[in-house]
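Subject: Structure handover

Hi,

Here is the structure you asked about. My notes follow below it.

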Amino acid sequence: MALPGALFAGDARRILLAMAAHANTISHGRLVALEDSFTATRRALGEAAFNQLTRAYIEAGLGLDGQLNDIGHAFPDWLEAQGQGAALVAIARFDLAFLRAHHCRDAAALTLSDLPDDADALMALPLARHPAASAHALTPILLDAIEQPDWSGKAAILITRPDVAVRLFPLGVAAHDAWGVLAEPVTFAELCANLGVTHDDAAIIPAIIELVRAGALQLGTQP
Amino acid sequence: MTTLADHVRALPPRAGIGLKPQHYALMLDGLSDAVRPFWVEIHPQNYFRDGGVSRHWLERVADALPVSFHSTGLSLGSAGGPDMAQLDWLARLIDAVPASSVSDHISWSRTAHEYFPDLLPIPYIQASLDQMAASVGQVQDRLKRRILVENPSRMLAYQGDSWEEPEFIARLCAATGCGLLLDINNIVVSATNIGIDPQAYLDAIDPVLVGEIHLAGHAVEQHDVGPLAIDDHGSAVGEICWALYTDYIGRAGPIPTLIERDNDVPAYDVLVAEAQRADHVLCATKECADHVLTATEHCLASAA
């Protein structure tokens, strides 16, 4: 390896040693940031396979333009482009969503006490997703990766952050469908009507309450 | 001109420690203890978010103790100027949480398209001085306060430097009004790696410029071409560092001093005990003895 002209002072071997040390610091910093960002993905893959993929991701020049806490923003998409399989990509997206929930701005979550007693007021109540919340289909591999075996049989896992700490909740089918309807802000009445197409009346309110109790919703803006 | 910073608590000329997540509760619970840190340092990049657990704890700690914001991401030495996204985040954080001191490094970490998680050396030539001065000026204007710049630990030196590092620092401070965060461990690391004279270096640093001191440990790798010191902040402060520090404080008087530990972080009481050693050095100065202290501030009241 040829040194860049007369740039550095001192013995060439020491210069190379120092450059290698800097390179190692930089590489180590990036790899550790990815390990810290994708803990479930690492658990699912195992350390050796995870290290191989993260090294390849870095060598592809991805995530290097921003700070370390954002180095993994393109990792799930890259895994998908590499043909790593839908299940693994889903776990990586889960990890990224968990990280984003941590970093998300504080926002007041809708609570049960916010729901009006008056039926008309309740039906007109505008609802929206809380900015920190996200839902992820619960596959066996994700279940293993997040180490929550008691949640098998549930439809999805919900990430929320209604106060300071990030939380995980298992979601039933109806609650997961309610979350899907809330991709756009709707009123309470519109949400009930949508859910009523595929679910019994008895399942609708409990599904909405499930989301409220998890801190997944906020008050929407009035039309 | 009165700035916002004038209304924020100054760092006391006592010992502080880095604020670590595993110590949040212990620190707040221990504030009435006889042996405790008198201020804390954060890396603000760890708090560049709009909410969440870490911001919650930082705000509680900042209510109780002065906080020094030791930035690692402005890349003051980059040819393209400081990282503006980082500067914007830093300004937002300072608006929300009072900073008793703000600092970054005499180094560079990014180009236009890539960020390197390391503090890379700059040459000590006029062009670098002009670039650093412009960047420091830009940061001070944006934050409406004087900042400190930290002397780097170096594994590489450039050929054709116009000045030794202390001279470069003095010129930078004169050009911008910034101060120096004097990292004594970095001087010891540079001495091992590029052969500077640590005592001569410290003799050349005017104490008037020094707003803060860092003490830390480092690792040493043995190679065929000699030892290589790695500034990993992963061990206790070495005895050479303590000796240089004690001598410098004896001449300079008390200066806020941080025990810097970022890797293999020990138990809280171990860190606090190390800070207490620095506190004893600070309290042994003539300025400390002459100062009329209240009962809660008296050095002897903080001894175990």
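In this predicted model, 30 residues of chain A are in contact with 26 residues of chain B. Contact means that the C-beta atoms of two residues, placed from the backbone, lie within 7 Å. On chain A, α1 (12-37) and α5 (86-103) each supply at least two residues of the side that touches chain B. α1(A) gives the most, with eleven residues. Helices (H or I, at least four residues) and strands (E, at least two) are DSSP runs, numbered from the N terminus. That side of chain A divides into 14 nonpolar, eight polar and eight charged residues. Here nonpolar is Ala, Val, Leu, Ile, Met, Phe, Trp, Tyr, Cys and Pro; charged is Asp, Glu, Lys and Arg; the others, Gly among them, are polar.

Now chain B. Eight strands form a closed barrel with parallel pairing, in the order β1-β2-β3-β4-β7-β8-β9-β12. Two strands pair if DSSP finds at least two bridges between them.

Take β9(B), residues 210-216. Six of its seven residues are buried, that is, 20 or more other C-beta atoms lie within 10 Å of their own, with C-beta atoms placed from the backbone. β9(B) pairs in parallel with β8(B) (179-183) over four bridges. There, Leu182(B) stands opposite Ile213(B). Four bridges also join β9(B) to β12(B) (257-260), again in parallel. Ala216(B) stands opposite Glu260(B) in β12(B).

Residues are numbered from 1 along each chain as its sequence is written, and chains are lettered from A and ligands numbered from 1 in the order written. Local features need pLDDT of at least 70 and side-chain atom pairs count only at pLDDT 80 or more, while totals for chains, interfaces and linings use all residues.

Best wishes

Notes
A residue is buried if 20 or more other C-beta atoms lie within 10 Å of its own, exposed if 12 or fewer, and partly exposed in between; C-beta atoms are placed from the backbone.
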